[in-house]
Amino acid sequence: MIICSCTQSKYLVKSSSELTSLDFRTNVLNYIPVSDQDMRSSVVLDSTCSLIAARKLSKAGRYLDNIKTGKSDYYLARTLYDISGDNYKGAAVSLRGIKDGDYPVLKQLLGIDLKYELARQNGRTFFNDILDDYQKLVDKYPDNKLLKDIVLVRIRYIRYGY
């Protein structure tokens with residue numbers, strides 16, 4: 001039920017259960033899947049995504065500034081907030097704060113997404129290494145159909161622009 005986005009952002013955060021009903025063959029959006037369990041177990045993550053979904057980015061930023069817990073859920077929420085505001089450098093810094101072993105699939109997906117966005121901002125036009133990283137991620141989790149669907153959309157976007 002959680003959709004984190006802002007008007008200009010090209011990334012949308014949705015709970016995994018919402019994404020299972022999407023037809024990815026016609027999808028053109030870059031979804032970031034947050035598991036329902038992660039949303040239920042973290043007030044910080046749930047609150048941040050709710051504020052972003054309501055397009056209250058400044059309120060989400062103030063909320064995150066006031067709590068600064070130093071825990072992985074905080075850093076994930078901060079990463080999602082920064083991505084929603086197209087602050088990819090800030091998101092990359094926040095992503096590094098997520099402890100190894102916490103949110104492993106999502107952390108790797110976001111890391112590749114941020115690598116692409118930062119390379120694109122720096123004027124790169126060839127992204128074969130990033131395409132390889134996406135493929136390696138899918139290969140690492142072969143039973144994760146949702147991840148595969150999401151990554152295929154990203155690969156299609158990088159290769160063909162849609």
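**Helix contacts, ring pairs and buried residues**

Trainee: Which residues in helix 8 and helix 9 meet?

Mentor: From helix 8 come Ile 130, Leu 131, Tyr 134, Leu 137 and Val 138. They meet Leu 147, Lys 148, Val 151, Arg 154, Ile 155, Ile 158 and Arg 159 in helix 9. Contact means heavy atoms within 4.5 Å. Helices (H or I, at least four residues) and strands (E, at least two) are DSSP runs, numbered from the N terminus.

Trainee: How many residues of the contact of helix 8 with helix 9 are nonpolar, polar and charged?

Mentor: Learn the classes. Ala, Val, Leu, Ile, Met, Phe, Trp, Tyr, Cys and Pro count as nonpolar; Asp, Glu, Lys and Arg count as charged; the others, Gly among them, are polar. The contact of helix 8 with helix 9 has nine nonpolar residues, three charged and no polar ones.

Trainee: Before we go on, how should I read the numbers?

Mentor: This is a predicted model: local features need pLDDT of at least 70, side-chain atom pairs count only at pLDDT 80 or more, and totals for chains, interfaces and linings use all residues. Residues are numbered from 1 along each chain as its sequence is written, and side-chain values use heavy atoms, leaving out hydrogens and water.

Trainee: At what angle do the axes of helix 8 and helix 9 cross?

Mentor: Axes are lines fitted to C-alpha atoms, for helices over the stretch in contact, and angles run from 0 to 180 degrees between N-to-C directions. Helix 9 covers residues 145–160. Its axis and that of helix 8 come within 10 Å and cross at roughly 170°.

Trainee: Are helix 8 and helix 9 roughly parallel or roughly antiparallel?

Mentor: Use the cut-offs: under 35 degrees is roughly parallel, over 145 roughly antiparallel, 65 to 115 roughly perpendicular, the rest oblique. Helix 8 and helix 9 are therefore roughly antiparallel. Their crossing is left-handed. That word applies if the near helix is turned anticlockwise from the far one by less than a right angle; clockwise gives right-handed.

Trainee: How do helix 5 and helix 6 pack?

Mentor: Helix 5 spans residues 72–84 and helix 6 spans residues 88–95. Their axes are 8 Å apart, at an angle of about 170°. That makes the two roughly antiparallel. Tyr 75, Arg 78, Thr 79, Asp 82 and Ile 83 of helix 5 meet Tyr 88, Gly 90, Ala 91, Ser 94 and Leu 95 of helix 6. By class, this contact of helix 5 with helix 6 has five nonpolar, three polar and two charged residues.

Trainee: What is the angle between helix 6 and helix 7?

Mentor: About 150°, with the axes of helix 6 and helix 7 10 Å apart. Helix 6 and helix 7 are therefore roughly antiparallel. Helix 6 passes helix 7 in a left-handed crossing. On the helix 6 side are Tyr 88, Lys 89, Ala 91, Ala 92 and Leu 95. On the helix 7 side are Lys 107, Leu 110, Gly 111, Leu 114, Glu 117, Leu 118 and Gln 121. The contact of helix 6 with helix 7 divides into seven nonpolar, two polar and three charged residues.

Trainee: How many aromatic pairs does the structure hold?

Mentor: Rings of Phe, Tyr and Trp (its six-membered ring) pair if their centres lie within 6.5 Å; planes under 30 degrees apart are stacked, over 60 edge-to-face, the rest tilted. The structure holds two pairs. Tyr 74 and Tyr 75 form an edge-to-face pair, 5.2 Å centre to centre with 70° between the planes. Tyr 116 and Phe 127 form an edge-to-face pair at 4.9 Å and 65°. Tyr 116 lies in helix 7 (residues 104–121) and Phe 127 in the loop between helix 7 and helix 8 (128–140), so this pair ties together parts 11 residues apart in sequence.

Trainee: Is Tyr 116 buried or exposed?

Mentor: Buried means under 20% relative accessible area, exposed over 50%, partly exposed in between (1.4 Å probe, protein chains only). Tyr 116 is buried, at 6%. Phe 127 is buried at 10%. Tyr 74 is buried at 7%, whereas Tyr 75 is partly exposed at 26%.

Trainee: Where is Thr 48?

Mentor: Thr 48 sits in helix 3 (residues 43–53). Its relative accessibility is 0%, so Thr 48 counts as buried. Not counting residues up to four places away in sequence, Thr 48 touches Ala 60, Tyr 63, Leu 64, Ala 77 and Tyr 81.

Trainee: What is Ala 119 in contact with?

Mentor: Leaving aside neighbours within four places in sequence, Ala 119 contacts Arg 124, Phe 127 and Ile 130. Ala 119 lies in helix 7 and is buried at 8%.
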